[in-house]
Amino acid sequence: MEQIKYDNRIVKNFAFATLTWGIVGMLVGLIAALELAFPEFFNNYLGFRYISFGRIRPLHTNAVIFAFVGNGIFTGIYYSLQRLLKTRMWSDKLSYINFWGWQFIILCAALTLPFGITTSKEYAELEWWIDILIAVMWVVFGWNLFATILVRRVKHLYVAIWFYIATFVTVAILHIFNSFELPVSFFKSYSWYAGVQDALVQWWYGHNAVAFFLTTPFLGLMYYFVPKAANRPVYSYRLSIIHFWALIFIYIWAGPHHLLYTSLPDWAQSLGVVFSIMLIAPSWGGMLNGLLTLRGAWDRVRDDVMLKFMVVALTCYGMATFEGPLLSLKSVNMISHFTDWTIAHVHVGGLGWNGMFTFGMIYWLIPKLYRTELHSKKLANQHFWIATLGIILYAVPMYIAGFMQGLMWQEFTESGTLVHKDFLETVTQMRPYYILRSIGGGLFIFGALMMVYNIIKTVRAGSLLADETVNVPALATTHASTGKEYWHRRIEGKPVRFMIVSIIVVAIGGLAEIIPTMAVKSNIPTISSVKPYTPLELEGRDLYIREGCNNCHSQMIRPLRFETARYGDYTKAGETVYDHPFLWGSKRTGPDLAREGGLRNNNWHYEHMYRPKAVSQNSIMPAYTWFQEDDLNTALTKDKISAMRKIGVPYKKGYEAIALKDLHTQAHIIAEDIVVTMMSKMPKSILKDFNKEAKIKELEKKEIVALIAYLQRLGTDIKVKPTSK
Amino acid sequence: MLRFIKSHLATEDGVEFYGMFSLMVFVLFFAIVLIRMVRMRKATIEELSAIPLSEDEPVNNMKEHENN
């Protein structure tokens, strides 16, 4: 026997961080929800740019995914890995660099996203230098993980650890490939990819962030914590092996189901659909394996609050992974896409699967780390019921809202015109559901606060067992294969080989989809009339990105009758070839803007941005007053043009020299048009003292002009000359 | 390798082949995993699935307590 010490302090640190960021991330989500439910209140009293919906929606998603769930993953892995390998973490230093580095990244996210410093790519909004920090911290985590595996005191790698390895390698691949971007300055970069290619890489990443950040690490934790809590082995170890390989193989292909009916090549969409449907098998295999582990122990579920959380978590996982393939069917996706149905779906997964699992795990861990009993089981039970009710109150209204709105968009009168031609009509009907959803989310947070209180009381009553000394069997030299072992034991006994096989398995799907889209020109037919943005439009586009307009407005008209009747000609792949990054969006809280150019006059946009309600009654859009107040910063315009040329946008050589002149000329024309229209509506008494030239001079410097230039450009390229070749 | 992919993507039949190829790779891979799993020894399975349940023998942990 050998005496070793497990590092519990690192587990405690991550657990506390999980709870802290969990509350923060959920509160930000609640604010975002309230902004949609009570837009007047926010516009009139809390219309701060730093908390406008477009800026805090990414803050919410990043905080709950990477801060709450991320820290939760580290909590569980750092605890279970040491025990499954009978080895302390290889390096305490790396553990603590991992911990503080991760918290620093979260802090950077919180200090950039509300200020509009964003790349706009969903769940990858953080700017280039934070991306580098994430990559470094992830490598630190992986290094510590592998080094610990290599010096382990057991022969076999338990199934949980395979999931941890797959998580590490795949997240690394996804993050690095999706984050290829060219920095323009410290706070600004452009995605290396454009249009369709950017969309495919983004959703290959986005979908697999769900797969390999929100799913595989939790399945690994499930395979450890559920048997541990139920005190019986996993239902079927055989199933867990099939579950593992099938899941990681299939998941990676399914990304394109986020881009159904878009201008992504059809073959890629079809592959995405087929693999999404197949995904139900390993997902349910895993869920059933978890639930059936409790066979014969269901009586314990009644008394053990941790198991209660786990059972609801697994049930939610089952529901979300049944619904996922369903949403990947083109006929269902036609209704659900761009609506709140997606929001309901992700919250069943996020609140139910990740949230409930994390709560259960921490309720189980903290008393163990502090060598005491949980302060109040009753309170934990109440938390369980409040959280469950919160999930229902969140998801059900969002399902109804999504289904309703999706169908309303499709409705035609007998004479063949849209019933709800005015998009806003379908938005105003969402309000009761937005209010109910806020109540559901509020309950969930209230439950989490009860938990924080319960944990604080527990921690105060106990004392931390920072280094847990245990006797374990002495280090055996059994890692080497004896040659006659079973094939899977040969791979699992060799973690490096195991990692390589995992990389190959996940790489097949990614490569098979991405390489052809990148390499084959015929997949993205070019359109000769599509030209790069003018410098002013480019600056306007960056304002659109800064404010996160893409969080509520899509730029992708699907080739469906009800879409083209509402918005105009469907979006072609060739139209977005200069879009670094692509801005297709994934949700329509407001209408699609792909053909916005030329639909309304400049003055409409000018007034609409300042006070949306003034021109569209009942609008729930935030008022962007600062566009009229702030001068456009053109310090980086030249660099932006150079950067765009480097990544393939055909600006003429030396265009930088005249870019600013062009920018000012275009700004002057727009400003003049706005002022002239403004004057035509003025009463004579005001008009006689009005200084037209001074007003134009003032206005042409403002941000609003750049934004209008961009909006007026949208979709106009092929309106002018529809000469596709 | 890219030339190989390109030539197949040039026609509709080529694209169809591509999808079929992807599915076949998966089916083959899945079949191998499945067959191998079925043939695994029961003793091995039991040994592996018991890993998380093994409890470590605690040593004088009361001394290691620390106020927090």
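Predicted model: local features only at pLDDT ≥ 70, side-chain atom pairs only at ≥ 80, totals over all residues.

Trainee: Okay, which domains is chain A divided into?

Mentor: There's domain 1, covering 7-468 + 490-513, and domain 2, covering 535-720. Their C-alpha centres are 35 Å apart.

Trainee: And how many residues does the contact take from each domain?

Mentor: Domain 1 of chain A puts in 45 residues and domain 2 of chain A puts in 48. On the domain 1 side, several elements supply at least two residues each, among them helix H2 (39-45), strand E2 (181-185), helix H7 (195-212) and helix H16 (377-410) of chain A.

Trainee: Which element gives the most to that side of domain 1?

Mentor: H3(A), with 5 residues. By class, the side of domain 1 that touches domain 2 has 21 nonpolar, 17 polar and 7 charged residues.

Trainee: Let's switch to the core. How many residues are in the largest nonpolar core?

Mentor: That core has 214 residues. Those with the most contacts inside it include Ala160(A), Ile250(A), Phe309(A) and Leu707(A). Helix H3 (residues 53-85) of chain A brings the largest share, 17 residues.

Trainee: Where does this core lie relative to the two domains?

Mentor: Between them, because domain 1 and domain 2 of chain A both give residues to it. As background, nonpolar side chains tend to be buried together in soluble globular proteins.

Trainee: You mentioned Ala160(A). What does it touch?

Mentor: Leaving out residues up to four places away in sequence, Ala160(A) touches Ser80(A), Leu84(A), Gly220(A), Leu221(A), Tyr223(A) and Tyr224(A).

Trainee: What about helix H1 of chain A, how many residues has it got?

Mentor: H1(A) runs over residues 9-37, so to speak, with 29 residues. From first C-alpha to last it reaches 42 Å, close to the 42 Å expected at 1.5 Å a residue.

Trainee: Why is H1(A) described as largely enclosed by the rest of the structure?

Mentor: Because 21 of its 29 residues are buried.

Trainee: Now chain B. What's in there?

Mentor: Chain B has 3 helices and 1 strand, and along the sequence the pattern is α-α-α-β. Buried residues make up 7% of its 68 residues.

Trainee: Which sheet does the chain B strand belong to?

Mentor: An open sheet of 3 strands, in the order E1(A)-E4(A)-E1(B), with antiparallel pairing. Strand E1 (2-7) of chain A and strand E1 (57-58) of chain B stand at the edges with a single partner strand each, so one side of each has no neighbour in the sheet.

Trainee: How many bridges are there between E1(A) and E4(A)?

Mentor: E1(A) and E4(A), residues 467-472, pair over 6 bridges. Asp7(A) has Asp467(A) as its bridge partner, and Glu2(A) stands opposite Val472(A). On the other pairing, E4(A) and E1(B) have 2 bridges, with Pro58(B) as the bridge partner of Val470(A).

Trainee: Is Ser120(A) buried or exposed?

Mentor: Buried, because Ser120(A) has 24 C-beta neighbours inside 10 Å. Phe338(A) has a positive phi too, near 75°, and lies in the loop between helix H14 (330-336) and helix H15 (340-369) of chain A. Phe338(A) also counts as buried, with 23 C-beta neighbours inside 10 Å.

Technical notes: Residues numbered from 1 in each chain as written. Chains lettered and ligands numbered in written order. Core = buried A, V, L, I, M, F, W, Y, C linked by C-beta atoms within 7 Å. Buried ≥ 20, exposed ≤ 12 C-beta atoms within 10 Å, placed from the backbone. Helix = DSSP H or I, 4+ residues; strand = E, 2+ residues; numbered from the N terminus. Domains from an automatic or database assignment. Contact = placed C-beta atoms within 7 Å. Nonpolar A, V, L, I, M, F, W, Y, C, P; charged D, E, K, R; others polar. Expected span 1.5 Å × (residues − 1). Pairing = 2+ DSSP bridges.
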